[in-house]
Amino acid sequence: MASNLQYIPPNTETLSDIATDVIRLLRAAGETVGVAESLTAGGVMAALTSIPGASAAFRGGIVAYATPLKQLLLDVDSALIAKEGVIHADVAAQMAEGARRATTFDGAQTTWGIGTTGVAGPDTQDGKPAGTVYIGVAGPGAARGWGPFCFPGSRERVREATVIEALSRLRDALAKRRGDDGERTR
């Protein structure tokens, strides 16, 4: 398993910097986001809604900590869970798609979705060590899962690193779609 882990250099931006960028990019494009979280337990939603003006772009989300809720509320494929467990890139991608569906209302589809799943620790889960994380982003026409990431440290640090990485992945997708050069305006 260790050979599959992806090294991500530490990100020196603050969570607030990244969340601000995400809200700015979503608002500029007139787009929206919904979130499905497991190990982060609302951390992504809290980061987004801490930014002034978030209500113009943030639709809402679901904390699906228990496996059955991933299936019932987010429509994650039960055969996938049976085969791979819930800590898997495809599960994260399906959670992101589920977040888009769950936060769509009044005929206005949510543009983007984020999904987070993994092991915050300290114990292993489904044979995966603490710090193993997968992140999904779903947007118009595609959903993608990334990982495994290996975030070292305490439960709090693993969860914080996951929130930062998830919002960074969404920011990258937004900037790429828009052709943005990545420059932030504050």
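Glu31 sits in the loop between α1 and β1. Helices (H or I, at least four residues) and strands (E, at least two) are DSSP runs here, numbered from the N terminus. The model is predicted: local features need pLDDT of at least 70, side-chain atom pairs count only at pLDDT 80 or more, and totals for chains, interfaces and linings use all residues. Residues are numbered from 1 along each chain as its sequence is written, and side-chain values use heavy atoms, with hydrogens and water left out.

Is Glu31 buried or exposed? Glu31 is buried, at 9% relative accessible area. Buried means under 20% relative accessible area, exposed means over 50%, and partly exposed lies in between (1.4 Å probe, protein chains only). The Glu31 side chain makes a polar contact of 2.9 Å with the side chain of Trp112. A polar contact is a pair of N or O atoms within 3.5 Å; within protein, one must be able to donate a hydrogen and the other to accept it, and residues adjacent in sequence count only if both atoms are side-chain atoms. Setting aside neighbours within four places in sequence, Glu31 is in contact (heavy atoms within 4.5 Å) with Leu26, Ala56, Ala57, Thr111, Trp112, Leu174 and Arg177.

Now the whole chain. The protein chain has six helices and five strands. Along the sequence they follow the pattern α-β-α-β-α-α-α-β-β-β-α. The C-alpha atoms fill a box of roughly 40 × 40 × 25 Å, taken along the principal axes. Buried residues make up 49% of the 186 residues. Among contacts between residues at least 6 apart in sequence, 67% join residues at least 24 apart. The accessible surface comes to about 8,700 Å², and 50% of this belongs to carbon and sulfur atoms. Accessible areas come from the Shrake-Rupley method with a 1.4 Å probe; for residues, only the protein chains shown count as cover.

Next, the interior. In soluble globular proteins, nonpolar side chains tend to be buried together. A nonpolar core is a set of buried Ala, Val, Leu, Ile, Met, Phe, Trp, Tyr and Cys residues joined through side-chain atoms within 4.5 Å. The largest such core has 34 residues, and Val33, Val44, Leu48, Leu167 and Leu170 have the most contacts inside it. Elements giving two or more residues to this core are α1 (15-29), β1 (33-37), α2 (43-49), β3 (112-118), β4 (132-139), β5 (142-150) and α6 (155-178). Helix α6 gives the most, with eight residues. Leu170 touches Val22, Val33, Trp112, Ile114 and Val137, not counting residues up to four places away in sequence. A second, separate core has 16 residues, including Leu80, Ala89, Ala92 and Met95.

Charged pairs come next. Side chains of opposite charge can pair when their charged atoms come close. A search of the whole structure finds five salt bridges. In each, a side-chain nitrogen of Lys or Arg lies within 4 Å of a carboxyl oxygen of Asp or Glu. Glu13 and Arg171 meet in one of them, at 2.8 Å from N to O. Glu13 lies in the segment before α1 and Arg171 in helix α6, so this pair ties together parts that are 158 residues apart in sequence. Glu13 is buried at 18% relative accessibility, and Arg171 is buried at 13%.

Helix α6 also holds pairs within itself. Glu165 and Arg169 form a salt bridge at 2.7 Å, N to O. They lie four residues apart in α6, about one turn of the helix. Glu165 is buried at 9%, and Arg169 is buried at 14%. Elsewhere, salt bridges that share partners join Glu13, Asp21 and Arg171 into one network. Glu160 and Arg157 form another salt bridge, their closest N and O atoms being 3.2 Å apart. This pair lies three residues apart in α6, again about one turn. Glu160 is partly exposed at 39%, and Arg157 is partly exposed at 37%.

Thr14 is partly exposed, with a relative accessible area of 42%. Its side chain reaches the backbone nitrogen of Asp17 at 3.0 Å. Thr14 and Ile164 are 150 residues apart in sequence, yet 8.1 Å apart in space, C-alpha to C-alpha.
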